[in-house]
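The following exercises concern a single protein structure.

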Amino acid sequence: SFPKGGLVFSVAGTLGLMAGLGLAWLRDTHFTGLTTETQAESALQLPVVSSVPIAQADGKGAHDDIVRRPLAPFAESTRRWRRNLDLAGPALPCKTVLITSAKEGDGKSTLALALARLAATVGQRVVLIDCDLRRPGLHTRANLGPCTKTRLHLQDWLLNDHTPAQLPNLIIKDRKSPAHLITGLSGAGASSEGLLRSARLARLL
């Protein structure tokens with residue numbers, strides 16, 4: 001019969017292998033990003049604390065995995081973050097951690113909330129501050145709702161004169177862990193650079 005089955009399968013397998021090799025070559029030669037921890041350490045000449053897997057969208061936030069699914073890959077990577085941070089400076093414990101990224105949507109708020117919850121659940125005193133003054137997202141991820149007249153936000157604290165007695169209106173208890181949170185407000189209308197460089201933020205920290 002024509003065509004012969006064996007010949008067809010042989011040709012198809014060869015073409016598939018060639019196509020796969022070609023795509024692999026194109027990826028290696030034209031993709032200039034960093035895909036492994038080793039590549040990142042080599043390019044930046046800095047140690048990589050941990051890598052975080054892309055969280056699966058299941059209708060709930062990955063930051064809840066710390067308390068909801070402690071054996072999930074995201075929760076495991078978060079514990080590695082905390083362990084390596086602790087090991088990085090045993091003689092000088094790390095008290096302030098800044099989490100940032102190159103663009104919106106990289107997972108800053110998600111990772112920050114997960115780390116805060118993890119540290120708080122093992123007995124550390126934690127206050128997580130949302131310093132994204134343009135698009136704050138911590139209040140949404142922590143299911144806190146919008147700020148009210150009795151609940152201050154970071155911009156309000158930095159722009160106006162407040163007393164230490166008003167701190168309970170600024171620092172909020174997380175609903176799912178012993179951590180405490182300071183949230184922001186979208187559209188506060190103030191210069192983010194000026195506020196983040198202010199003496200009031202330094203005193204708050």
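## Exercises with worked solutions

The accessible surface of this protein amounts to about 13900 Å², and carbon and sulfur atoms account for 59% of that surface. The structure is a predicted model.

**Exercise 1. Describe the overall make-up of the protein: its secondary structure, its buried share and its contacts.**

Solution. 
- Step 1. The secondary structure consists of 9 helices and 3 strands.
- Step 2. Read from the N terminus, the elements follow the order α-α-α-α-α-β-α-α-β-β-α-α.
- Step 3. The protein has 205 residues, of which 29% are buried.
- Step 4. Of the contacts between residues at least 6 apart in sequence, 62% connect residues at least 24 apart.

**Exercise 2. Determine where Thr 78 lies, whether it is buried or exposed, and which residues it touches.**

Solution. 
- Step 1. Thr 78 belongs to helix H4, which covers residues 73-88.
- Step 2. The relative accessible area of Thr 78 is 0%. Buried means under 20%, so Thr 78 is buried.
- Step 3. When residues up to four places away in sequence are not counted, Thr 78 touches Ile 66, Leu 111, Ala 114, Leu 115 and Leu 118.
- Step 4. His 63 stands 15 residues from Thr 78 along the chain, and the C-alpha atoms of the two are separated by 9.4 Å.

**Exercise 3. State how many salt bridges the whole structure holds, and examine the one between Arg 79 and Glu 76.**

Solution. 
- Step 1. Side chains of opposite charge can pair when their charged atoms come close.
- Step 2. In one of them, the side chains of Arg 79 and Glu 76 meet at 3.3 Å, N to O. A salt bridge requires a distance within 4 Å, so this pair qualifies.
- Step 3. Both residues, Arg 79 and Glu 76, are in helix H4, and they are 3 residues apart, about one turn of the helix.
- Step 4. Arg 79 has a relative accessible area of 25% and is partly exposed; Glu 76, at 37%, is also partly exposed.

**Exercise 4. Locate the partners of the salt bridge between Glu 104 and Arg 135, and state which parts of the chain they tie together.**

Solution. 
- Step 1. The closest N and O atoms of Glu 104 and Arg 135 are 3.6 Å apart.
- Step 2. Glu 104 is in the loop between H4 and helix H5 (108-121), while Arg 135 is in the loop between strand S1 (127-129) and H6, so the pair ties together parts 31 residues apart in sequence.
- Step 3. Glu 104 has 58% relative accessibility and Arg 135 has 54%. Exposed means over 50%, so Glu 104 is exposed, and so is Arg 135.

**Exercise 5. Carry out the analysis for the salt bridge between Asp 174 and Arg 117.**

Solution. 
- Step 1. The side chains of Asp 174 and Arg 117 meet at 2.8 Å, N to O.
- Step 2. This pair links distant parts of the chain, 57 residues apart: Asp 174 is in the loop between strand S2 (172-173) and strand S3 (180-182), and Arg 117 is in helix H5.
- Step 3. Asp 174 is buried, its relative accessible area being 1%. Arg 117 also counts as buried, at 1%.

**Exercise 6. Describe the backbone and setting of Asn 143.**

Solution. 
- Step 1. Asn 143 is not a glycine, although its phi is positive, at about 55°.
- Step 2. Asn 143 is in the loop between helix H6 (138-141) and helix H7 (154-159).
- Step 3. With a relative accessible area of 44%, Asn 143 is partly exposed.

Conventions
Residues are numbered from 1 along each chain as its sequence is written. This is a predicted model: local features need pLDDT of at least 70, side-chain atom pairs count only at pLDDT 80 or more; totals for chains, interfaces and linings use all residues. Side-chain values use heavy atoms; hydrogens and water are left out. Helices (H or I, at least four residues) and strands (E, at least two) are DSSP runs, numbered from the N terminus. Buried means under 20% relative accessible area, exposed over 50%, partly exposed in between (1.4 Å probe, protein chains only). Contact means heavy atoms within 4.5 Å. Accessible areas come from the Shrake-Rupley method with a 1.4 Å probe; for residues, only the protein chains shown count as cover.
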